[in-house]
Amino acid sequence: MSNRMVCREASHAGSWYTASGSQLNAQLEGWLSQAQPTAGPARAIIAPHAGYTYCGACAAHAYKQVDPSITRRVFILGPSHHVPLSRCALSPAEVYRTPLYDLRIDQKVYADLWKTGMFERMSLQTDEDEHSIEMHLPYTAKAMESHKDEFSIVPVLVGALSESKEQEYGKLLSKYLADPSNLFIISSDFCHWGQRFRYTYFDESQGEIYRSIEHLDKMGMGIIEQLDPISFSNYLKKYHNTICGRHPIGVLLNVNSSVSHSTTPVLVLLELFQFFILF
């Protein structure tokens with residue numbers, strides 16, 4: 001029997017972002033240097049998963065809020081783009097490779113999640129085909145580099161969940177958000193507009209089409225800021241906005257609603273497509 005470690009390769013390196021570790025490090029440092037930290041570290045962030053040419057600078061505003069000195073476990077929840085899932089899935093890998101350094105999956109947490117019977121096992125091919133989680137790995141590695149031997153990751157591929165399933169997963173994961181050493185990263189772009197996406201909503205009162213899209217997305221962001229999963233669900237039902245990470249976001253909002261806080265949680269909107277949560 002082979003004891004060889006199962007590794008997920010950085011399959012989108014060289015296309016969605018550079019495969020050169022030195023170049024990638026310089027890019028990330030440059031983007032992060034332009035972002036400003038807030039008064040306190042983030043407990044969860046929502047950031048995009050497009051190619052770094054399009055969203056690298058934008059994502060830096062979210063990752064600037066990560067405090068590596070207190071973070072020991074990073075949950076990464078990303079939507080499934082290529083395979084149909086009605087539940088959530090876990091990776092068969094033990095290590096995720098990045099051009100910077102390898103990231104270790106927390107096998108203890110994975111074992112606990114497996115025991116619930118609520119998770120499927122994705123194939124390694126499915127894992128490597130999917131970009132929603134991978135696009136956060138280099139930024140995670142960079143944000144955590146000063147403590148790179150002291151943390152692990154928990155990647156979760158999120159399927160097309162019903163509202164009740166989002167509630168169930170939220171309740172299940174709430175104990176992890178309650179632990180201040182855990183960070184949640186939610187992978188999501190916002191509106192996908194056009195015939196290609198079968199979505200052409202246009203509010204003419206906003207003027208140009210791009211203004212209508214911006215207004216629609218900011219409306220959704222404002223609702224997410226309320227940390228109310230029901231309001232977010234109602235927004236999606238009304239406008240059908242093509243937010244690809246709507247289910248991971250729904251899980252996060254339900255995680256938050258299941259956690260008992262000693263202080264009021266605050267969700268701060270940084271700028272288009274960037275959020276972070278402080279407790």
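In which sense do strand β3 and β8 pair, and over how many bridges? Strand β3 (residues 73-79) and β8 pair in the parallel sense over 7 bridges, where pairing requires that DSSP finds at least two bridges between the strands.

This is a predicted model, in which local features need pLDDT of at least 70, side-chain atom pairs count only at pLDDT 80 or more, and totals for chains, interfaces and linings use all residues. Residues are numbered from 1 along each chain as its sequence is written, and side-chain values use heavy atoms, with hydrogens and water left out.

The protein chain has 9 helices and 11 strands; these are DSSP runs (helices H or I, at least four residues; strands E, at least two), numbered from the N terminus. Buried residues make up 52% of the 279 residues, buried meaning under 20% relative accessible area with a 1.4 Å probe, protein chains only.

Strand β8 (residues 152-158) is mostly covered, with 7 of its 7 residues buried. In a regular strand the side chains alternate between the two faces of the sheet. In β8, Ser-152, Val-154, Val-156 and Val-158 point one way, while Ile-153, Pro-155 and Leu-157 point the other way.

Strand β4 also pairs with β8, and these two run antiparallel. One bridge from each pairing is listed below.

| Residue | Bridge partner in β8 |
|---|---|
| Phe-75 | Val-154 |
| Ala-89 | Leu-157 |

The β4 strand covers residues 88-90 and is joined to β8 by 3 bridges.

Along its principal axes the C-alpha trace of the protein chain spans about 65 × 40 × 40 Å.

Conventions
Buried < 20%, exposed > 50% of the residue type's maximum accessible area, 1.4 Å probe, protein only.
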